[in-house]
Amino acid sequence: MAIISVGYDGAVTESQWADMIKKVGSAEYGVVGLNDLKVTSVPAADRTVSIAAGKGWGHGVFDENTASASVQLDTVSSGSRWDLIAVRRFLLVQQFPDRF
């Protein structure tokens, strides 16, 4: 899996600009299509979700996840809990690519 991000300081190619400009200016954040970066449960694995390949953006940066990724969530000690799955960027320490 690779997450490709465009929109940080540095070079942006013509094709990257053409792909991102259609979406980045339309809303603060979002995904390109209904199934892009879609999060679904993995029935065969305990507390595991799958994040589909796709494209999305947030705060002027356009991201492409080239393959699906799995994330195992922490154990719930009691009761129930809701988890938020998001793309996280580590700008201060310049850790790229992004990750979930």
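Two strands pair if DSSP finds at least two bridges between them. Strands (E, at least two residues) and helices (H or I, at least four) are DSSP runs, numbered from the N terminus. The model is predicted: local features need pLDDT of at least 70, side-chain atom pairs count only at pLDDT 80 or more, and totals for chains, interfaces and linings use all residues. Residues are numbered from 1 along each chain as its sequence is written, and side-chain values use heavy atoms, with hydrogens and water left out.

**View 1. Four strands form an open antiparallel sheet in the order β1-β6-β5-β2.** β1 (3-6) and β2 each have a single partner strand and stand at the edges, so one side of each has no neighbour in the sheet. Strands of a sheet pair through backbone hydrogen bonds, either parallel or antiparallel.

**View 2. Strand β5 (residues 54-58) around W57.** Three antiparallel bridges join β2 (residues 29-31) to β5, while five join β5 to β6.

**View 3. The hairpin of β5 and β6.** Two residues lie between the strands, and H59 in the turn has a positive phi of about 50°.

**View 4. N65 in strand β6 (residues 61-65).** N65 is buried, with a relative accessible area of 3%. The side chain of N65 reaches the backbone oxygen of A52 at 3.3 Å. I3 stands opposite N65, and β1 and β6 pair over four antiparallel bridges.

Key. Buried < 20%, exposed > 50% of the residue type's maximum accessible area, 1.4 Å probe, protein only. Polar contact = N/O pair within 3.5 Å; in protein donor to acceptor, adjacent residues only side chain to side chain.
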